[in-house]
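Thanks for coming. I will show one structure and then talk through a few parts of it.

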Amino acid sequence: MPVGTVASVKGVSQDILEDLGVQILLGNTYHLYLRPGIEQVRKLGGLHKFMSWPRAILTDSGGFQVFSLNELRKVTEDGVTFRSHLDGSSHVFTPESAIAAQIGLGADIIMAFDECTEHPADRARTQQSMELTLRWAARSKKYFEEHKHEVPWSSAPQAEAEQQIPRYARNDKSLEGPLEEPLEEKTQALFGIVQGGMDLALRKESAERTIEIGFPGYAIGGLSVGEPRTLTREVVKSTIQHLPTDKPRYLMGVGTPEEIVEYANLGIDMMDCVLPTRAARHGLLFTSEGKISIKQARYIGDQGPLDPNCGCKVCARYSRAYLRHLYASNEVLAQVLNTVHNLSFYLDLMRTVRHSIALG
RNA sequence: GCACAGGUGGGUGAGUGGUUAAAGCCAGCAGACUGUAAAUCUGCCCCUCUCAGGAGGUACGAAGGUUCGAAUCCUUCCCUGUGCA
């Protein structure tokens, strides 16, 4: 899932994303809540319509932002008080308001409001944080069940609503990949999030108790927060065993090309990461032959394609020398082309993974 | 020719007697980036050694001088800009 935090995958337009075969995008409740505002998006017909994205969207609840904004926040039992990174104004998110916001945005998949436990954290702190996330998960679900029919597209006039119905509910055959039976109810899907830090026992407990609350999909959160990568893998490998195989299992916030293959191999169904898009903007490109820092002087006269084994439009058309020049010249086009390539590389990789799974 | 204003490291531009190999910015080089406060951030960026902490050399237009000590003060010269002839 490419990340489009503010209803924009930085550097590329929606038609490019469609051409790349992107099936689902990530958006962020926190950012959209601050600007342009949930009510504004709702009035404009929901996030799909607002950003003109006909396929699926997943919104993150804002739990992670609260974590990353760490000097600007205050966590209590009820929720989180934080200050806007835009203007310093004070706001409160609770499980209820985070879900209400996500209903207002109308994404296909929405996330329970969680606390992303910082790393490192001792066992007591990790457990206390995990317990809080569990209580918030129950509150998230309760609020969602009571309000899930209020999404913009479900309350819109029929014709318009049909257009805005998310892809998974529409059973859109034009998209690649096997499709399951359409859901009976045309509502959003609220996923729970497993926490528990780096403590495997707590991870197990968090998984079991989150399952007890009951969600149509489960995420593993609280990773990629500064821990060594080997530890991330260990926690995922252990945690996933406690999650049902007949529900989507979503690992939040990873990873490198090597890692996403590894995690898929462990059974992870969904992943999101800013890495391909951010790295692209910073001149770091992923190729079949490893990472390439296109800003390096060695590429100044390199007439070859970025990745000879890549079929993307950038590799088909432009040389490394040109891409380096665009980057060095600070051209916006560098960001566009680099992002197109990195996303293309990631999506190709995932297609290969799906193909491999299909082949057993 | 005269009168002002200037000449600082690849560029720009601070510094106007010692704590200055000389701020900042740009360019250049390298690195980081993993549920996006990120077109961002970090390091290097005169030369030579280095046990990486440092050591030595050269340097603020040129040449002389004053001084314990000069990019900073003085003299002459060269050059640039502007104005007047």
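Predicted model: local features only at pLDDT ≥ 70, side-chain atom pairs only at ≥ 80, totals over all residues.

Residues are numbered from 1 along each chain as its sequence is written, while chains are lettered from A and ligands numbered from 1 in the order in which they are written.

Start with Ala-321, which lies in helix 16, residues 320-328. Helices here are DSSP runs of H or I with at least four residues, strands are runs of E with at least two, and both are numbered from the N terminus.

Now the helix pair. Helix 16 packs with helix 17, residues 332-358, at an angle of about 130°, and their axes are 7 Å apart. Axes are lines fitted to C-alpha atoms, for helices over the stretch in contact, and angles run from 0 to 180 degrees between N-to-C directions. The two helices are therefore oblique to each other, since under 35 degrees counts as roughly parallel, over 145 as roughly antiparallel, 65 to 115 as roughly perpendicular and the rest as oblique.

Last, RNA strand B. Of the 46 residues around RNA strand B, those that come nearest are His-85, Cys-116, Ser-224, Gly-253 and Val-274; near means a C-beta atom, placed from the backbone, within 6 Å. Helix 14 gives the largest share of that surface, 5 residues.
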